[in-house]
Amino acid sequence: MFLSVSNLTKSYNTGIITHVLKGVGLEMERGQIGVILGPSGSGKSTLMNIIGGVDLADGGTVEVDGQRITDLNDNRLVEYRRESVGFVFQFYNLVPNLTVAENIEVVSNISKNPLKTDEVLSAVGLSDKKNRFPRELSGGEQQRVSIARAIVKNPILLLCDEPTGALDLETSRGVLSLIQKVNARFGTTILMITHNSAIAGMAHAVFRLRSGEVAEVKHNSELIPAERIEW
Amino acid sequence: MALRKRVWRTIKENKGRYIGIVILILLGSFYFIAATGIANNLEKMVVGFAEEYRQEDLTFSIDKPIEDIAALEGESGALIEAYRQYDVKVPDGELRLLSSGAKVNIPAVTSGRGLENPADILLDPNFLKMHGLDIGGQIELNGKTFNIVGTMAVPNYVYIIKNLYDVLSTSGFGIGIVSGAEFEAFPEAVTVYAAYFEDRENINAQTIKLHGLLSEKGYSLSEWLDARSNKRVSMPWANISSMKSMSFPVSTAFFLLSCLIVGVMIMRMVKSDGVVIGTLYAQGYRRRELTRHYLAIPILLSAAGGLAGALLALPCVRPVVDSMLTSYILPAKGITFSPLNLALAVLMPVAFIGLSSFLIMRKILKKSAVELMKGDEQKAKVNFIERALRLDRFKFNIKFQIREQVRSVPRLLFLVLGVSAASMILLYGLTYNYSMDVVMEKGALARYLYPLEYNFKEVRNLQQDGGIPEGAEPYNAFRCYPEGRESVEFYLVGTEPDSVGFKMNDMRGNALSRDQVNISYPLASRLKLKEGDTIIIVNKLDGKSYRLTIDGIVEAYGEQFVFMPLDEFNRMTSQPLGSYRTVLSSHEIDFDESLLAGVMDARDPEAYKDLATPTTLIVTSVTALAVLIAVIIIYLVTSLMIDESRNTISLLKVLGYRGKELAKLILNSSMPAVFIGFWLGLPFMLAFGNNISNYVAEMINMVIPMIVNPLYVLVSFVLIFAVYKITKRLSGRKLAKISMSEALKAGTE
């Protein structure tokens, strides 16, 4: 199994103890697209942060490509993030004073075997905008840059946190289609968080989270192309 | 009001930065109050004493007593005091007895009581201490016993030197005041005159007039020295002037600078809180309520810093003033502070910083709540420099660092100018100190190849008074000023063409001919003269003017003089050929002491170093201050930069950047700005220093050239960069604390 999450628990103590994850478990094969669905507060982001190595679990295990993430120390986690995982955020999180190409270089700068910036830009259809600043791009274009930045290191796992949350339908389709293409072209395993159940159709595996637990797991035998998704 | 709680919480959240701001304001107000306090109290003590006790404008001796002093006073507009003077040998020293002045140079009793009974004597406190005497005790002088009734200070002996031309005090020498009647016991006492002009303007013109009147009446002058040239009177004045010139402009400039820096800081902080302001605005808060809230922090900080600085400065003034006046005899006066300066120290930062915060709040609140809530203020707009930069050929780290710096032009300017200011103060302190050292080492004392200078009371003549021994040479001189510029005073010196007693090289180090008119470089540059130019000079003593053509310029440090051949000098001033007033000698000569006005001995230049002690004190404090400013400015800007890049830093952490890589990217980006700031400090320092030097030259006729020492520049550079490195380390911790969750939760773009 490429991704294996088992009995994962996480609580926060902000004066009151909140149990965010209560023994979550899920599995995904290499090269699959997975979608985590769930309402606000269901623990989606916390789960993704632990899988991405930016947060620590209280209990349980996470294994990615045979590596147990939950056992890694801070240094190894940094190594894991810089080599194995790509992040795509809802609000793109681009560095505002760097150009499109430079935003991609932020990641290629620290990767051992990055793809060429021009190749990635071409893959996301932004070759002609490489010298633009984020403010000069539309929301969809900014999300494309964010995807380009995530894939330039050629990660084995791409984590997308509500990648279409800030976009309209048409632009969202474009972004989802790009994610599908990345999956097809580079064989990247993709795990996506979303509120939007319509997106579930493009995933091999769908995990529905409710109150910190996996309430439902669904595997799609046929995937819907992103261009045909409606909501 | 809930918002009030936020004020303290905001301060607590950014303790380091706010402490930096308070320290900066504190230093500004501390230095301002200390410097103005020291300068004003020195002035009060020295100038106040001079005015209250009528310090002489000139002292002179003549061949016979003035017949009708009252008539001469009427004609000259001067108060003229004839006082008696007699030097008495005492064990391990000498005491100069002076008759008590009633009109001019009135003695001030500093302890004990005044003269009331016959045989009462007042002694100078140093003499009393040095000779183990006590008030109430007795002293025997030439067989006559005097009762020591107190100690005193006299305006014409504030700096006690035996001879008018001495520079340093003679060990064991002191003065005592007795009533005029006591001088019957000392028939050999001489009469010396002191004059004080009632009209305090145009002292020079009145001096010339009095000189003319005395000559007209047939008196022959044997000594004539105005207060400005009289070290007994002028030494403490030089201290006041150097204190004022060094401390006052620096402290005021620094105070304004610290207010400006803090103003900019607060402005940026208020600006970065735009979303909160917008939200509160949307919740129904009125503009004035929000303005009041956002003014609370800057006003609180500036008032606290200003007040603390002023309060800390108050007890520091007395010891500094005392240490600066240890060599002088002055009546003790209480330390006072100008209420205006105290008010300024607290109100100036409050007003300045409050105003800048108010203006920025007004600007922010002109936007709608919606605009503010969108975080428009936080979004980094791409400025024209960022847009114009094409950095494709650089490595990513360099690109990132350049972009990080040009992201905010005001922030960059703030850092560059802040570092420049700190470097300027540091360089100024060290350069001033070095310049003083050079002036001491290579200046007047080093010019004397023959180290002993015998000044005679009256003009002598080579033919009539016999020759001068081997290894000695004569010269003649008078004090003068260029026509129309009385503030520039210097000596015109006539030396023999084969003179070797003075070193006299041109600017390239080649020996200059003595058979021509040579001017020292500082004087030439002050008067903007070059070789071939003509200057009209006026003799300060008699007002006669002479025209000279400059033949050569002498390499010199701080000295102001013009040398010319002795014969030409005597011919020009209508004195008999062979006239001289001074003998310069390589060895001691046994002249009759009664003929001498004083001996200057330059054999031990170390002995003169004590005179520079106040300067060292000021320089040390200025250096410490500069380092502190540099630390605070660099820390403030770096911490501001980290705060303004929090999201980027957090994002980079998520993307896998390590702490060291982040520190390199973010913190190293300031290095070129610090580098440029430092090197800009050098021309700023020279411009500032030369302006102050010119100002001092006009005020006290003392030229302190700004001589840059490459070693000190290097030391300053290393110091500033060490400060930068330390600040980087401090900021590294702040950087490490930024959590990855900030990027995960944020919607920056």
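This briefing covers the sheets, helices and chain contact of the structure above. The model is predicted. Chain A holds an open sheet of six strands with mixed pairing, and an open sheet of four strands with antiparallel pairing. Chain A and chain B bury about 3100 Å² between them.

**Six-stranded sheet, chain A**

- The strand order is β6-β7-β8-β3-β9-β10 in chain A.
- β6 (85-88) and β10 (213-219) of chain A are the edge strands, each pairing on one side only.
- On average, neighbouring strands of this sheet are turned by 15° against each other, direction ignored.
- Strands β7 (residues 157-161) and β8 (residues 189-194) of chain A run parallel and are joined by five bridges.
- Within that pair, Leu159(A) has Leu191(A) of β8(A) as its bridge partner.
- β9(A) pairs with β10(A) in the antiparallel sense, over six bridges.
- In this pair, Arg210(A) stands opposite Glu213(A) of β10(A).
- The hairpin of β9(A) and β10(A) has two residues between the strands, and Ser211(A) there takes a positive phi near 45°.

**Four-stranded sheet, chain A**

- The order here is β2-β1-β4-β5 in chain A.
- β2 (17-28) and β5 (67-68) of chain A stand at the edges with a single partner strand each, so one side of each is left without a neighbour in the sheet.
- β4 (residues 59-64) of chain A runs antiparallel to β5(A), and two bridges join them.
- Glu63(A) stands opposite Arg68(A), a residue of β5(A).

**Helices on the sheets, chain A**

- Helix α1 (residues 44-51) of chain A packs on the six-stranded sheet. The strands touched by α1(A) there are β3 (33-37), β7, β8 and β9 (205-210) of chain A. The direction of α1(A) makes about 155° with that of β8(A).
- α1(A) also lies across β1 (3-13), β2 and β4 of chain A, strands that belong to the four-stranded sheet. Its direction runs at about 120° to β1(A).
- Helix α5 (residues 139-151) of chain A packs on the six-stranded sheet, touching β6 and β7 of chain A. The direction of α5(A) makes about 170° with that of β6(A).

**A kinked helix, chain B**

- Helix α9 (residues 339-364) of chain B has 26 residues. From first C-alpha to last, α9(B) reaches 37 Å, close to the 38 Å expected at 1.5 Å a residue.
- α9(B) has a kink of about 35° at Leu347(B), shortly before the proline Pro349(B).

**Interface of chain A and chain B**

- The size of an interface is often given as the accessible area lost when the parts come together. Here the buried area is about 3100 Å², with 54% of it on carbon and sulfur atoms.
- In chain A, Asn93(A), Asn97(A) and Arg135(A) lose the most area to chain B. Together these three account for 20% of what that side buries.
- The contact takes 31 residues from chain A and 33 residues from chain B.
- Five salt bridges are found across the interface of chain A and chain B.
- Arg82(A) forms a salt bridge with Glu661(B), with the closest N and O atoms 2.8 Å apart.

Definitions and conventions: Residues numbered from 1 in each chain as written. Chains lettered and ligands numbered in written order. Predicted model: local features only at pLDDT ≥ 70, side-chain atom pairs only at ≥ 80, totals over all residues. Heavy atoms only, no water. Pairing = 2+ DSSP bridges. Axes fitted to C-alpha atoms, helices over the stretch in contact; angles between N-to-C directions. Contact = heavy atoms within 4.5 Å. Expected span 1.5 Å × (residues − 1). Bend = angle between axes of the 7 residues up to and from the residue. Buried area = accessible area lost by both parts, 1.4 Å probe. Salt bridge = Lys/Arg side-chain N within 4 Å of Asp/Glu carboxyl O.
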